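Dear colleague,

I am handing over the structure below, and my notes on what was found in it follow directly after. Please read them alongside the model.

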Amino acid sequence: MKKRVGFFGLALLLIVSTMGLAGHPVSYAAGKKEKIKDLVLYQNTPQADNQITGNEFSLAALKVMDDGSFMKADHVEWQSTNQKVAKVDQHGLIRMTGKQGAAQIKVRDGKHVDHISLRVNQNGKAVLYKQKGKKYDLAAYSLSKMTLEEKIGQMLMPDFRQWNGKDVTAMLPEISKMVKEYHIGGVILFRENVVTTEQTARLIHAYQQSADKQALLMAIDQEGGIVTRLQSGTDLPGNMALGATRSNALAEKAGKVIGEELQALGFNLDLAPVLDVNNNPDNPVIGVRSFGEDPNLVAELGSAYMDGLHHAGMGATAKHFPGHGDTNVDSHVGLPQVNKKVEDLKQMELVPFQRAMNNGLDAVMTAHITFPQIDSTRAISKKTGEEVAVPATLSRKILTGLIRENMGYNGVVITDAMNMGAISEHFGTVDAAVKAVQAGADILLMPVGLEQAANGLKAAVLKGDIPKKQMDESVKRILELKLKRGIIKNEKEPAVDTIIAQALKTVGSEEHKKVEKEAAEKSVTLVKNDGALPIKALGEKETLAVVGRTNIQELGAAIKKYHSNTATIELPDSFLWTPEQQKVLKEATYIIAGSYTSNVEMRSPSNPQMQMINRLQEITDAPVIAVGIRNPYDIMAYPNVNAYLAQYGFKGSNFSATAAAIFGQVNPSGKLPVTLPDNLGGLLYPVGHGLSYR
């Protein structure tokens, strides 16, 4: 069943959390005094979700301007025509009396007036009835007033990671000017830009102040796990950890935590969840970013995660369409290929995307991957001069034929980063931007050369290479998304200190940290245990040795909390220990070895890291307990260890949960979200496998 954002939640987003949006006064920076054309209740717009929960909820009024812009109005009067049924204060807050009946809620600014009907049935259920009429289609109205340059700007989402070699952590005049000059519709921030809660809130606030007529989409890749951009706040385990929990409820809570923290900072679009089905163990770029290899599990958890984002008022973006899970090339540097027909994709890769689309997905991100069985179009590579297949991002058969016509999706299509090697090197920067829009993309993410991309799109429209009707449809979808998620300017801008105070209460809150801990503990998967675990009743003189390279200090610190006589041995890149370190290992009661891999080469049995773990079993009779810090596939290279745990990530909560499981303080309950093959083409451990202590 489709879940919807509660009416109160979305109304609250407009009234309170738009504090993260910039509010312009009626008089714009250019000095032109715009006239008010009308006053419209937000809840009468087609995009507003009017589902009411509880006895109190808020309405919001929008001032519609002659230039096509609109903003949340502050100085208006509210009235209820039947206070025996519902009362309204002068901030638009409705309080139900509990009595059956009907009322009209009216709002006026002196000259303009609007109303919405409210009825409470005999069961106490309240229903709002939207008013009908062209005046409520604000997306169409705004579109009708836009210049070609303004339309193009809405379709551009650049990044400003650095400026003159320095990380952008505060607004610069040059960037503010570009946002205005090119009428930018959205911006994506990265880890370099979001250092602290206060700084991030100030930066986003400044971006919104720089926005043109429409508020900005403020986007970020906050997936959780290995792709976590915020440097402050809650570090939730990633998707594969959630996949190991098999819990829809936990996935929804994780999405809600991420959404609440982003929303408090001023973000409004998360470029998550990843809905790729990781059915190729050799995948170098997805891996633990996926919920797993079962398309139905990915669909279930992905939709639950998306619901969590929505409940927090956050837009969700499913990626990477039509699916990046069955590749062995990283599209950041190369051009991967998936040689499957549409019928095959519908049984696997498209299952999670279709589920999300049916459940109200805000946006879908394209993949820079070729699908020659779907689109055999070839182009001459600007990098090699050879013919190459056209990737999904530039394919009309995929972005329009498959997404729009076949799957019936009407939301926003956003490209993956246009500066990635798969696109920029083979197809050129401006040509690729034009081709992506021709294919059906609505938003170009991180176009290379903002001025060049904007001018290239303008020239293509004027030449007729991009139909004006198609561009209008794209911009209308973007405006509708902004309305749906309450991404609307304020008539009166809230103080940035107020925004920061709320953000400091929300980001990294105790409640959120509890979800982080729960997800980490329930994800730990005990894959193998030959009687080595749990470790119990160690004497003070008995030694534990924690050995490895990447993140081994974090693992060692977590283990040491349970047994102080723990030696952490961080090996060099060669993974060769010194005679002194070998002595410690030989004398240890237990050895805990951490391995970290991100690709096929690293997990090969011939890799020095894996050879090190296998050598441990030769120099000691002590049990060797291995921990797959990132990828669960690591045991393929050292199948003879005494015990093996998969933790799916390198956040503090992952290490704490693994240590608790090793000492029996947590009963490992995770189940493998992927199959672990052996290195001979056989099966080592099946998907769904997982041991426990009881």
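A charge is taken to sit over a ring if NZ of Lys or CZ of Arg is within 6 Å of the ring centre and within 35 degrees of the ring normal. K37 lies in this way over the face of Y141, 5.0 Å from the ring centre, and the charged end of R603 sits over the ring of Y633, at 5.2 Å from its centre.

This is a predicted model, in which local features need pLDDT of at least 70 and side-chain atom pairs count only at pLDDT 80 or more, while totals for chains, interfaces and linings use all residues. Residues are numbered from 1 along each chain as its sequence is written, and side-chain values use heavy atoms, with hydrogens and water left out.

Rings of Phe, Tyr and Trp (its six-membered ring) pair if their centres lie within 6.5 Å, with planes under 30 degrees apart counted as stacked, over 60 as edge-to-face and the rest as tilted; by this rule there are 6 aromatic pairs. One of them joins F321 and F353, whose ring centres are 5.2 Å apart with the planes at 85°, so this pair is edge-to-face. The pair links distant parts of the chain, since F321 belongs to strand β17 (residues 315–321) and F353 to helix α10 (residues 350–358), 32 residues apart; helices (H or I, at least four residues) and strands (E, at least two) are DSSP runs, numbered from the N terminus. F321 counts as buried at 0% relative accessibility, and F353 is buried with a relative accessible area of 0%, where buried means under 20%, exposed over 50% and partly exposed in between (1.4 Å probe, protein chains only).

With regards
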